[in-house]
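Hello,

Here is the structure I said I would pass on. My notes on it follow below the files.

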Amino acid sequence: GSDSASNSRLRTAVEKALAGNMTRDTVDRAIKRGTGELEGLSYEEVRYEGYAHGGVAVLVDCTTDNRNRTVGEVRHLFSKHGGNLGTEGSVQHGFERLGYILYPVDAGSEEKVLEAAMEAGAEDIASTEDGHEIWTAADDLHQVATDLEQALGEAETVKLAWKPNLTVDMDENSAGTLLKLIDALDDDDDVQTVWGNYDISDEVMEKLEG
């Protein structure tokens, strides 16, 4: 729906666009294109599920005006990089739809961020050398993000995400092939986000980057 007050996904997208200096008129036109209110353009959201090399489950969220074109290209990319496109529901059951908020390390100590997140109603938090990852119920994302901004300042990332229930550890060979698939999908104009249940260690990443 086009009403951001009742559509948490749309509200998050609008806030992100405005924060990136997109004008309100551009945002409104994009919403109308997405809902089919502008003549000659009709976009729909589609999700494809498949397995990458090494048995990694992958979800691909797309926005397209030509479903046949998009599924053909996504299927080709999976096949090209050692994977295969699955049927609807073959992968998604291994993920949970949640709200995701990321704060940089310098936002505060782990204790400070944890306390603020718990008070805001977050479900889980993990602090690493890359930042503070905060998970919420999907419907609570907007309110939790608003409360956290008052306590910690503006977050680095606020979005809806697919969190895997279990992850697959990747060796150097499998990780390299997987990352090529993800890069290829990211380069496709119809692809919006790519999610996977993989875990690539720092050691493996260093080898790949070296």
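**Strands, cores and a helix pair**

Strand 4 runs antiparallel to strand 6 (residues 131-137), and 6 bridges join the two. Within this pairing, Ile101 has Ile134 of strand 6 as its bridge partner. Please keep in mind that the model is predicted.

Strand 4 also pairs with strand 7 (residues 157-164), again in the antiparallel sense, over 8 bridges. There, Glu96 is bridged to Lys163 of strand 7. Of the 9 residues of strand 4 (residues 95-103), 7 are buried, so the strand is largely enclosed by the rest of the structure.

The largest nonpolar core has 23 residues. Those with the most contacts inside it are Tyr48, Val58, Val60, Cys62, Val74, Phe78 and Leu185. Two or more residues each come from strand 1 (44-51), strand 2 (57-64), helix 3 (67-80), helix 6 (172-186) and strand 9 (191-196). Helix 6 gives the largest share, 6 residues. Leaving aside residues up to four places away in sequence, Val58 touches several residues, including Tyr48, Phe78, Val91, Val194 and Trp195. A second, separate core has 18 residues, among them Ala107, Ala122, Ala138 and Ala145.

On the helix pair: helix 4 (residues 110-120) and helix 5 (residues 141-152) pack at an angle of about 140°, their axes 9 Å apart. Their crossing is right-handed. Lys112, Val113, Ala116, Ala117 and Ala120 of helix 4 meet Val144, Asp147, Leu148, Ala151 and Leu152 of helix 5. By class, this contact has 8 nonpolar, no polar and 2 charged residues.

Regards

Terms used: Residues are numbered from 1 along each chain as its sequence is written. This is a predicted model: local features need pLDDT of at least 70, side-chain atom pairs count only at pLDDT 80 or more; totals for chains, interfaces and linings use all residues. Side-chain values use heavy atoms; hydrogens and water are left out. A nonpolar core is a set of buried Ala, Val, Leu, Ile, Met, Phe, Trp, Tyr and Cys residues joined through side-chain atoms within 4.5 Å. Buried means under 20% relative accessible area, exposed over 50%, partly exposed in between (1.4 Å probe, protein chains only). Helices (H or I, at least four residues) and strands (E, at least two) are DSSP runs, numbered from the N terminus. Contact means heavy atoms within 4.5 Å. Axes are lines fitted to C-alpha atoms, for helices over the stretch in contact, and angles run from 0 to 180 degrees between N-to-C directions. A crossing is left-handed if the near helix is turned anticlockwise from the far one by less than a right angle, and right-handed if clockwise. Ala, Val, Leu, Ile, Met, Phe, Trp, Tyr, Cys and Pro count as nonpolar, Asp, Glu, Lys and Arg as charged, and the others, Gly among them, as polar. Two strands pair if DSSP finds at least two bridges between them.
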